[in-house]
Amino acid sequence: KVRAVLVLLGSYNYNGLGLAKTFEWQAFAGVENVAIVGVNFKTISDVAGYYPEAHLGSGQALLNALAKLAERNGNDYLKDLPMLLRGYSAGGVFSYSFSDFKHERVLAFANIRGGSLNFTRDVNNGIPGLMIYGENDAPQRNSRIVSTVEEKRSAGGNWSLLKEPGVDHFGELTKSDSFIRMFFQKVLASRLTEGSNELYDLVESDGWLGDPSNLEIYPYNEFMGDKSKASWLIDEDFAKSWKAFQQE
C-alpha cells in the first residue's frame, strides 16, 4: 500500500497531467511510496468560479477524482489517503486553499509563486506550509505571499517563506521542486504514522526559526528576533538547507 497521495498542479489552466510522468517526481514517489496525481483544472467561465479557490468546487472535484481512481484500480483505500500538494502559480493558490478546504487530509503543501491569496481560517495553521516567491517576480504578488506567511506565523502557524534568488514569475522551477521534495520527505517522516492515515501534529517550539531578512537560523527557543515574522523550519537540517538555498 502507498502511504499518501502527491498532487501536482501547474499554472492557470495548465494541463498538469504530464507532471506525474516526470523522472524526478516518479523517483521521489518510488522512494517515499506515495501515489502521484497530476491535475488538469480549467476555469471555463466566470459563472463557474475561480478554480484555485478549492471551496468553490474544485476541491471536491479532486476528491471525487481520487475516489474514481481508487475504484478503477481496485484499491478503495487510496481515496482516503493523506495528501501532499505542490502547485505553481494558480496551482499553488489551489494547494494553499485546499489546506483550508480539507485541512484534516493535508500532510503539507507548497505554493510556488502563487500570489492571488485570500485569507484562510486558522484550521490550516498546524499544516506545514511552504510559500516560495521569486526575487524578481511582481512586487504585488510577492508582497501578498510574504504577508500571508506573516499572518499565519503570528498565529503560530508552521509555515515557511522561501525566496528564490534571480527568478521572476516564469523562471525555472527545478530548484524549487528539488527543495519541495526535501520538504515533503521531512514531513512524511514526521507526521505520518506507519500503517495508518493518522497525522501527527507538529509542535511549533520543536522546530527551528529562520529570519528572512538576514537568513540567521536558530532552534525555536534560542531565536531572539520576532518569531511572528520568522519562517518555521521543521528541523536543523531543513533550516540549513533553507538558508543555503537563498544564498545561491
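Modeller: Helix α3 has 12 residues. From its first C-alpha to its last it reaches 16 Å, close to the 16 Å expected at 1.5 Å a residue. Keep in mind that this is a predicted model.

Now look at how α3 sits. Of its 12 residues, 11 are buried, so the helix is largely enclosed by the rest of the structure. The buried residues run through A90, G91, G92, V93, F94 and S95, then Y96, S97, F98, S99 and D100.

F98 and F101 are 3 residues apart in α3, which spans residues 90-101, so about one helical turn separates them. An α-helix has 3.6 residues a turn, so residues three or four places apart point the same way. F98 is buried, with a relative accessible area of 0%. F101 is partly exposed, at 23%.

The model has 16 aromatic pairs in its count. In one of them, the ring centres of F98 and F101 lie 5.7 Å apart. Their planes meet at 55°, so this pair is tilted. Stacked pairs need planes under 30 degrees apart, and edge-to-face pairs need over 60, so 55° falls in the tilted class.

Y12, F41, Y50, Y51, F94, F98 and F101 form one aromatic cluster. F94 is one of the buried residues of α3.

For comparison, turn to F183 and F184. Both are buried. Their ring centres are 5.7 Å apart and their planes stand at 35°, so this pair is tilted.

The charged end of K1 sits over the ring of Y77, 4.9 Å from its centre. Likewise, the charged end of R181 sits over the ring of W25, and here the distance to the ring centre is 4.8 Å.

Last, a look at a sheet. Its 3 strands form an open sheet in the order β8-β7-β9, with antiparallel pairing. The edges are β8 (217-219) and β9 (231-233); each has a single partner strand, so one side of each is left without a neighbour in the sheet. From one strand to the next, the twist averages 30°. Strand β7 (residues 208-210) pairs with β9 over 3 bridges in the antiparallel sense. In β9, S231 is the bridge partner of G210.

Note on methods. Residues are numbered from 1 along each chain as its sequence is written. This is a predicted model: local features need pLDDT of at least 70, side-chain atom pairs count only at pLDDT 80 or more; totals for chains, interfaces and linings use all residues. Side-chain values use heavy atoms; hydrogens and water are left out. Two strands pair if DSSP finds at least two bridges between them. Helices (H or I, at least four residues) and strands (E, at least two) are DSSP runs, numbered from the N terminus. Axes are lines fitted to C-alpha atoms, for helices over the stretch in contact, and angles run from 0 to 180 degrees between N-to-C directions. Rings of Phe, Tyr and Trp (its six-membered ring) pair if their centres lie within 6.5 Å; planes under 30 degrees apart count as stacked, over 60 as edge-to-face and the rest as tilted. Buried means under 20% relative accessible area, exposed over 50%, partly exposed in between (1.4 Å probe, protein chains only). A charge sits over a ring if NZ of Lys or CZ of Arg is within 6 Å of the ring centre and within 35 degrees of the ring normal. The expected span of a helix is 1.5 Å times one less than its number of residues.
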